[in-house]
Amino acid sequence: RRAMGCCCSKGGVEDAEAREARRERERERRRATGADDEDEDDAVSSSRARVQAWQMEADEAEEEDDAHPEPDGLVGGLDEERAGKWVSKSARNAMARAFKEALHSGKYRFERDKDNALSARRLGENHPQCRGNPLAGRILASFSEKRDGGLRLKDWIAACAVLHPDGSYPNKARAGFHAYDFDADGVVNEKDLIATLRLILGDGVSERQVIHIVDQLKKKFDENNDGVLEEKEFRALLSKDDIAQRFTMDLYGKFM
């Protein structure tokens with residue numbers, strides 16, 4: 001699996017110039033959004049800071065030379081990883097014990113299949129590994145084979161294997177793609193991006209700001225200009241910070 005991260009600079013001068021250019025872009029964004037307005041309340045200021053961070057991540061992604069690995073380049077393929085075939089027997093047993101404990105706790109009960117499934121939504125809201133991650137419930141739901149929001153043991157093992165810190169980037173990106181695809185039509189369209197940004201950034205961000213970010217994301221990542229992001233295009237959207245903060249969860253570590 002190839003490592004992710006920014007490439008090395010060609011020299012100290014270029015690095016300094018690049019940093020100064022980014023600072024200037026940030027100053028321009030702050031002036032454009034009115035982020036320096038002293039009358040803004042704390043909630044809105046915080047939301048704008050998240051907007052600016054999102055925009056800076058998108059800009060910096062263009063400067064990275066290392067492309068994320070393609071799924072076809074993974075030995076064994078994505079399905080084998082999701083089936084838990086890349087983990088040890090002891091890890092699979094730990095996953096099963098974690099599932100059993102979560103099921104018996106009652107905190108994550110899936111009402112339509114109480115005895116066999118966990119609720120992805122309740123896991124996202126209450127599991128310690130999901131705290132502070134507004135996308136957690138949708139990410140976990142992407143592993144539901146029945147697409148009903150319930151995680152059976154097979155689904156749970158897939159989530160444990162993929163979301164673990166050792167899980168592959170392409171499989172984490174696939175989970176992200178389905179989490180962003182709100183209407184489940186197989187592409188991430190403008191409405192999907194707006195809904196996801198609203199979930200991540202909160203209510204303090206204006207509609208104009210959200211639409212601006214969506215336009216920028218489409219401009220940067222919609223390679224064939226068809227107005228939607230297909231899975232391959234979507235993979236380029238996720239930064240290494242997204243992977244670390246939203247798509248990495250150790251759901252069974254305490255049982256190892």
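Student: So what do the buried residues of H4 pack against?

Tutor: They pack against strand E1 (118–119), strand E2 (150–151) and helix H7 (153–163). Contact means heavy atoms within 4.5 Å, and the elements are DSSP runs numbered from the N terminus, with helices (H or I) of at least four residues and strands (E) of at least two.

Student: Before we go on, what are we looking at here?

Tutor: This is a predicted model, where local features need pLDDT of at least 70 and side-chain atom pairs count only at pLDDT 80 or more, while totals for chains, interfaces and linings use all residues. Residues are numbered from 1 along each chain as its sequence is written, and side-chain values use heavy atoms, with hydrogens and water left out.

Student: OK, which residues of H4 are buried?

Tutor: Ala-91, Ala-94, Met-95, Ala-98, Phe-99, Ala-102 and Leu-103. Buried means under 20% relative accessible area, exposed means over 50%, and partly exposed is in between (1.4 Å probe, protein chains only).

Student: Why that kind of spacing in a helix?

Tutor: An α-helix has 3.6 residues a turn, so residues three or four places apart point the same way.

Student: And how does the span of H4 compare with what it should be?

Tutor: It agrees: the 17 residues of H4 (residues 89–105) should span 24 Å, and the end C-alpha atoms are 24 Å apart. The expected span is 1.5 Å times one less than the number of residues.

Student: Which residues other than glycine have a positive phi?

Tutor: Ala-184 is one of them, with phi near 55 degrees, and Asn-225 is another, at about 55 degrees. Ala-184 sits in the loop between H8 and helix H9 (190–201), and Asn-225 in the loop between helix H10 (207–221) and helix H11 (231–235).

Student: Is Ala-184 buried or exposed?

Tutor: Exposed, at 64% relative accessibility. Asn-225 is exposed too, at 65%.

Student: Switching to Asn-171, where is that, and is it buried or exposed?

Tutor: Asn-171 is in helix H8 (residues 169–180), and it is buried, with a relative accessible area of 0%.

Student: What does the side chain of Asn-171 reach?

Tutor: It reaches the backbone oxygen of Leu-78 at 3.1 Å. There is also a polar contact of 2.6 Å between the side chains of Asn-171 and Glu-81. A polar contact is a pair of N or O atoms within 3.5 Å; within protein, one must be able to donate a hydrogen and the other to accept it, and residues adjacent in sequence count only if both atoms are side-chain atoms.

Student: Now charges: how many salt bridges are there?

Tutor: The whole structure has 11, each a side-chain nitrogen of Lys or Arg within 4 Å of a carboxyl oxygen of Asp or Glu. Among them is Asp-113 with Arg-152, where the closest N and O atoms are 3.3 Å apart. Asp-113 lies in the loop between H4 and E1 and Arg-152 in the loop between E2 and H7, so the pair ties together parts 39 residues apart in sequence.

Student: Buried or exposed, that pair?

Tutor: Buried: Asp-113 has a relative accessible area of 17%, and Arg-152 comes in at 15%.

Student: Which residues are linked in a network?

Tutor: Salt bridges link Glu-111, Lys-114 and Arg-122 in a network.
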